[in-house]
Amino acid sequence: MEQSRKKMKFEFLFERYFSNFPKILLTNLVFFIPLFVGLTLCYYIMSMDSLLLTVLSLIPLMTLVFPFYAGVVMVCRNIARGDEQVKVFSTFFKGVKENFKKFLIYGNSLLDFAHKHIFVGSVRA
């Protein structure tokens, strides 16, 4: 007599994660390209030793990286929902196109938070 046991939710999570690990890895590699370009631009701008340029160096990072993060979110969301056939590139760029403005605003709000609490806060101290 074989008893079938009901899987717990975390078992489904691990099953989806490990069965789709190559897709998640490819998604992060695609995301790494704009991240590398943005960080490189920030590094070269910040090497000019000016506080204004240091703050302005976050703008390329924000405009290049945060909209592409929408693609990572879209692919991971589809995998978490249990979609069997997730096409990484098409889903990634579809997520970037559909959510570009939303994630650009998200990047702006993070940049504003960083400016108010990190840069201004460190000057007052």
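What follows is a short chat about a predicted model of a protein.

Q: How many helices and strands are there in the protein?
A: In this predicted model, the protein has five helices and zero strands, and from the N terminus on its elements run α-α-α-α-α.

Q: And what share of the residues counts as buried?
A: Of the 125 residues in the protein, 27% count as buried. The accessible surface comes to about 9400 Å², and 68% of that surface belongs to carbon and sulfur atoms.

Q: OK, what about contacts between residues at least 6 apart in sequence, how many of those join residues at least 24 apart?
A: Among those contacts in the protein, 71% join residues that are at least 24 apart in sequence.

Q: Let's look at two helices, then. At what angle do the axes of H1 and H2 cross?
A: The axes of helix H1, which covers residues 9-19, and helix H2, which covers residues 21-46, cross at roughly 65° and come within 4 Å of each other.

Q: Which residues meet there?
A: From H1 there are Tyr-17, Phe-18 and Ser-19, and these meet Phe-21, Pro-22 and Ile-24 in H2. Sorted by class, this contact of H1 with H2 has five nonpolar residues, one polar residue and no charged residues.

Q: Switching to the surface: which residues form the nonpolar patch?
A: The patch is formed by Met-8, Phe-10, Phe-14, Tyr-17, Phe-18, Phe-21, Leu-25, Leu-26, Leu-29, Phe-89 and Phe-93, which together have about 1100 Å² of accessible area. The elements that give two or more residues to this patch are H1, H2 and helix H5, which spans 88-124.

Q: Where does Met-8 sit, and is Met-8 buried or partly exposed?
A: Met-8 lies in the segment before H1. Met-8 counts as partly exposed because its relative accessibility is 49%, and a residue is placed in that class when its value falls between the 20% limit for buried and the 50% limit for exposed.

Q: What separation do the C-alpha atoms of Arg-16 and Asp-83 have?
A: Those two C-alpha atoms are separated by 9.7 Å, although Arg-16 and Asp-83 are 67 residues apart along the chain.

Q: Last one: why does Arg-16 count as partly exposed?
A: Arg-16 counts as partly exposed because its relative accessibility is 34%, which again falls between the limits of 20% and 50%.

Methods. Residues numbered from 1 in each chain as written. Predicted model: local features only at pLDDT ≥ 70, side-chain atom pairs only at ≥ 80, totals over all residues. Heavy atoms only, no water. Axes fitted to C-alpha atoms, helices over the stretch in contact; angles between N-to-C directions. Contact = heavy atoms within 4.5 Å. Nonpolar A, V, L, I, M, F, W, Y, C, P; charged D, E, K, R; others polar. Patch = residues over 30% accessible without salt bridge, like charges linked within 9 Å, V, L, I, M, F, W, Y side chains within 5 Å. Areas by Shrake-Rupley, 256 points an atom, 1.4 Å probe, with all protein chains shown as cover. Salt bridge = Lys/Arg side-chain N within 4 Å of Asp/Glu carboxyl O. Buried < 20%, exposed > 50% of the residue type's maximum accessible area, 1.4 Å probe, protein only.
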